[in-house]
Structures are given as C-alpha cells and as structure tokens.
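Hello,

Here is the structure we talked about handing over. Please look through it first; my notes follow below.

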Amino acid sequence: MSFFKKLKSKLFKSSSKIEEGIDSIVEDGSTDEAEIIIEVENSIARKYQPEILSEPEPEPEPEPEPEPEANKAKRSGVGKEYNPSKLDLEGEDVKSSKKLNFLSRVLGRTEKPTKTTKKRIFDDSMLESLEELLISADMGVDTALRVSANMAEGNLGKKVSVSEVKALLATEVARIMEPVAKPMPLYQQKPQVVLVVGVNGSGKTTTIGKLASQFKAAGKTVVIAAGDTFRAAAVEQLQVWGGRAGVPVLTAAEGSDPASLAFEAMAKCKKDGVDLLMIDTAGRLQNRKDLMEELEKIVRVIRKSDETAPHNTLLVLDATTGQNAIKQVEVFQDVSDVSGLVMTKLDGTAKGGVLVALADKFGLPIHAIGVGEKIDDLQAFDPEEFALALTGSDE
C-alpha cells in the first residue's frame, strides 16, 4: 500500500469530518439539475401540447364485421396460438408515449437523463459555512478565513459540486504546505547533532527511533543519547528501537544531568567519526519554567563543544492537541531555536487542519508526519498527498 493510500485511510477522522462537512454544505440549498430539466420539460409539454402534439380527430370507423368463432376462441385463450404479446395494445398509453418521445426530440433529448450530481451556488452563505467547517477542523481562524476567501475567488455565483469544493480546498491546502515541505537537511559536519524536543506524550521517543532506523538504512552511522534521564521507560523504549536498527544508545543513571550526557555523547561521536547524534530530551510542558530552563542548559552545553550545534532542532507535535500546538511552537522557538517540525498521531485526530495553521503562521519546515506506530508510518511530508488525504479527495 502506498503511503498516500495509508495516509488517506488513516486520516479518516480528519478527512471524514471535512468531507461530511462539505457534503452537508453543498446539500444545503443544492439543486438537482436533472430534476430541473425534467420539470421544465413537463411545464413546456403542459403549455404547448395542444399546439404541437395534438392529433387530428379520427374518422368514424366502419361497423366491424362479425368475428369468426375460431378467432374468438383464440382470443379467449382456448387455442394454442394465443399470444398476449400480439394483442392490440394501441391506446392512450401508447399515444402518450409517442407524445413524450416527440417532445424529447423537440427539446434535443433522445432519452431521459439520469440523476446528476447535486450542486449549489457558491454564495456568501456557503462561504460562511466553509469558514466554520475549517475552523472546527482546527485550521485556525486566520488561516480558515484566508483559505475560504481564496476558494471563493472567481467562484462566487457559480454552481459547485462536492468534488469541486474538495478540489478547491485541496488546491489551497497544498499551496500553503508546498513551501514548508522539506526533508531534514544533512550536513558534512560530524557529528551532525539533532536535538529532539517536545512535550510529554508527543511521540518524541518513537520518532527518534524511527528516524534513526531510517538514517541507518540510508548508510549513515547514528548514535542516540537518551537525554530523558527522568523516565526509565523512555530509556528502555529507545534501547528497543536502537536494537531494532542496530544503533547504539548512550544512557546515564536515572535522574542524572541530561546536559552532561549530551556533552559526553558529543565527545564520543567526534572521536568515532559518527555521522548523526540524535539527542532525546525529557517531555517538557511549555508552562513549566524550570523544565524549559533545563532545555536551555542542554543547548548551552552542546555549544561549548560545537558552537554551531545543534544543527537541527526538531519539535515533535501531537496532532491531537489541536490549537495548543501553536503555543508549543512559539515557546520552543524561543528556548531552542526550532528548525523543523514532525507531526505525529494524525491518525488519531479529527483536527488535522492544525498542520495547515502551523505552516501558514510559522513557515517552519515540516520534515515528516506520522500516522501510526510502525517504522514506515513516519514518512517525509508530501503537501499534495496530505491535501488530498485531509480533504478526502481522490488521488
């Protein structure tokens, strides 16, 4: 299964919310063009039928001759030659059918139309409904208003279908996401230090494990430093991932200074010529001043060894936090100079639109997105695939 199909299937909460919302918006006030055509034709038929469809009065028919007894028997069903399909069915139904067929030819139609896709006029009411839908999908007020306005440009007053609205939305989402869809840059510097930050439960540890495994598969030498020295479970989880990928995991005693571990890890990686050093950090709540100060300390200590480090600071965000992700970006940018984002748990939220809001507001590179626990459920961010999956559009 391609990642697009997996993304589309796993983004069902986000895409279904938007898809069902668009369905409802278009359905509200929509018209069925085939039904309108039929009604117009019927109206024309009622108005002009006496003029164009009337038939001359039939001449009086001669008195019928007495029917032979044998024929009477056949018509009554006694004989073997009885066949209902050969009975004289010429009557009002046939005449009516002839009139309808003639009317169809007059109106340029040879057959009754099938039911068409419902459409509605893109008006101010529809624009307002779209704005509300996108806000409810956590796209943010400013982004939702801008996206809706761009969708309406050149389309106000036109009739649009559900598929057309989805296509317009997907185009706008892809346009916003295109500039931020960038893979994590790799440098000649050894070691290239990748600091991974984020709040508790955002998926930092698994993201580090997956990235380390992918870099290792790409031929890079990788070392992980388990800087979350306060949670034994986090260290154990990294060791499991390191074992899967064949990547060493450097640890320290529980509760020890994570900045010291980072410094020692850098010294070892320099000595061994390691390509990438990935440093895990404790999950920090952005409203905990002491924890944020500790993160600042890690950055200061790293720079004593290499003033250009960290070369990448990845902020891992949990999509289920919605608009709170925006506040997290603001705080972590001030503390650790975030260079790129990784969004996880897009399969567990109906508010995947927050990624659009982040791209629109900050313009930070989005390196990868996650839609599950497997190693291949973390992939490079593709704006078009994301836009199609988010809106429920077809590939």
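By the ring rule, there is 1 aromatic pair (Phe, Tyr and Trp rings, the six-membered one for Trp, with centres within 6.5 Å; planes under 30 degrees apart are stacked, over 60 edge-to-face, the rest tilted). The partners are F381 and F386, in a tilted arrangement. Their centres are 5.5 Å apart, with 55° between the planes. Both F381 and F386 are buried (buried is under 20% relative accessible area, exposed over 50%, partly exposed in between; 1.4 Å probe, protein chains only).

A note on the source. This is a predicted model, where local features need pLDDT of at least 70 and side-chain atom pairs pLDDT 80 or more, while totals for chains, interfaces and linings use all residues. Numbering runs from 1 along each chain as its sequence is written, and side-chain values use heavy atoms, leaving out hydrogens and water.

Now the overall picture. The protein chain has 15 helices and 10 strands (DSSP runs numbered from the N terminus: helices are H or I with at least four residues, strands E with at least two). Of its 395 residues, 45% are buried. Take the contacts with a separation of 6 or more: 80% of them join residues 24 or more positions apart (contact means heavy atoms within 4.5 Å). The accessible surface is about 20800 Å² (Shrake-Rupley, 1.4 Å probe; for residues, only the protein chains shown count as cover). Carbon and sulfur atoms hold 50% of that surface.

Two charges sit over rings (NZ of Lys or CZ of Arg within 6 Å of the ring centre and within 35 degrees of the ring normal). R244 places its charged end over the ring of W241, 4.6 Å from the centre.

I135 belongs to helix α6, residues 124–136. Why is I135 classed as partly exposed? Because its relative accessibility is 33%. S148 is in helix α7, residues 141–152. S148 counts as buried because its relative accessible area is 0%. Beyond neighbours within four places in sequence, S148 contacts L127, L130, E131 and L134.

Last, E385. It lies in helix α15, residues 383–391. With a relative accessible area of 26%, E385 is partly exposed. Its C-alpha atom is 8.4 Å from that of A174, although 211 residues separate E385 and A174 along the chain.

Best wishes
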